[in-house]
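Let's take a friendly walk through a protein and the molecule it holds. Have a look at the picture before reading on.

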Amino acid sequence: MLVSVIGVGHVGLVTAACMADLGHDVVGFDVDGQKIELLRTGAVPFVEAGLAELVEAGVRAGRLEFTADVAEAVRAAEVVFICVGTPRRPDGAPNMSFVQSAAATVASHAQRPAVVAEKSTVPVQTGERIRQALRLQSQARGGGLVHDVVSNPEFLREGTAVADTLRPDRIVVGADSERGHAVMRALYAPLLARHDCPYVATDVRTAELIKHASNAFLATKISFINAVARICELAGANVHTIADAMGYDARIGRAFLNAGVGYGGSCFPKDVEAFIHIAQELGYDFGMLRETDRINREAKAWPVAQLRRLVWNLADKQIAVLGIAFKPGTDDVRDAPALDVIDALLAEGATVRLHDPVALDHVRERYPDAVFCDKAEDALRGAHAVVVCTEWDEYRAITPQRLAELLTYPVVVDARAVWDARALADAGLSVAVVGQPPLSPAGT
Ligand code: UGA
């Protein structure tokens, strides 16, 4: 099938490459001409396992092209995926203007009735708005084509996006027309032939809500365990063992019960706020999600509160921050909790010594006065304390003895539980590990 993807950011590029892998002919469009040039050379502008290989294979097979000419991209398409950004506005609602212009663009240039598929995460009832935008623009152009609108949310995680797309837990398609459903079934037939998974066919509004409900639920699971972590720190218990034990119950499950420094990234923080907002607009106060969001803010403030407790004044202290990316396996720093931690440290007058194996380049401009360290040991050497914000495997390999040697003050705030608290204390370090009671070396 002829597929066009409008917006080749993280979701769009993965969608385009995976659709080509399924045997469709795909054209990816983006307003960012530089990005298109880069993609044409076979380079992928962000870290995502397996994506560069997939893009290269698609381009080589002649099934994947990139263009900065939107008319060319949508002219002949049978399915147009809208994968543009929905940045959050100050009131928490997503800015939908890129989605509207993408829809208008399709209506301006399409030369056949297309199925327009929402991939961007959007509030419920956006489908109707897209349909309206398509209709108005088609009328402005002199009428004629009637396009179908479907909602086809993605559930891919950064870092495992390709695998999540090609071997999904489920495919969700919301359509209000038979044609919409038929075209999407045909689109996914090659995937379902390779990989058996539930195919949820529903209406557009329900599909839109499935996405918000899924992300909001996962975010709530994380906030729940972060709240339990606070209680563990106060009561003298271990949240990680609690999560393991809870996880053995199949009704609960262990996934997304890792207490940490709060959820970040381009999805959960924005989607939780957007869901609260759309619920409000519809007349429902989603108080539980407001609490999810509040607990998340508290989790992001936890490391600096611990540093204050353990070091006292942070002004003029050197603090090593290990891990900037919002999670391991990606160089994405959008809404990364580490940024909140660094901002708070700088506001208190500390000097930050930053390390991340892949994300440092994304924060060089934001933190001109930070010390950027290519190796974790360089960040630790001479620091008064260390705080871990991303659980990269390489940090687990640093021994407590090595930490004690490198740090000026023996203070560790481990907001991702990469180290064993007892072993740290035994090596003479004062320790705050998330979800465990604070420990000090014997005799202090
Ligand atoms: C998330 C969802 O997991 C995907 O299913 C969804 O498709 C995607 O958003 C999206 O809407 O596009 P992603 O943002 O890539 O994917 O990252 P996650 O792996 O979900 O992690 C989100 C944040 O939660 C990270 O900061 C991570 O460190 C944190 N987290 C996750 C925890 O603090 N504890 C956990 O147990 C799990």
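## Around the ligand

Helix α9 supplies the largest share of the shell around the ligand, namely three residues. Keep in mind as you look that this is a predicted model. In total, 19 residues surround the ligand, and the closest are Leu156, Glu158, Lys211, Asn215 and Asn258.

What kinds of residues make up the shell around the ligand? Sorted by class, nine are nonpolar, three are polar and seven are charged.

Now zoom in on the oxygen atoms of the ligand. For lysine 327, an N or O atom of the side chain is 2.9 Å from a ligand oxygen.

How much of the ligand does the protein cover? On its own, the ligand has 720 Å² of accessible area, and the protein covers 93% of that.

## A look at helix α10

Next, find helix α10, which spans residues 239-247. Its buried residues are Val239, His240, Ala243 and Gly247. These residues are on the same side of α10 because they cover an arc of only 100 degrees around the axis. The buried residues of α10 pack against α9 (204-235).

At the start of α10, a side-chain oxygen of asparagine 238 comes to within 2.8 Å of the backbone nitrogen of histidine 240.

Technical notes
Residues numbered from 1 in each chain as written. Predicted model: local features only at pLDDT ≥ 70, side-chain atom pairs only at ≥ 80, totals over all residues. Heavy atoms only, no water. Buried < 20%, exposed > 50% of the residue type's maximum accessible area, 1.4 Å probe, protein only. Helix = DSSP H or I, 4+ residues; strand = E, 2+ residues; numbered from the N terminus. Arc of directions from axis to C-beta. Contact = heavy atoms within 4.5 Å. Polar contact = N/O pair within 3.5 Å; in protein donor to acceptor, adjacent residues only side chain to side chain. Near = heavy atom within 4 Å. Areas by Shrake-Rupley, 256 points an atom, 1.4 Å probe, with all protein chains shown as cover. Nonpolar A, V, L, I, M, F, W, Y, C, P; charged D, E, K, R; others polar.
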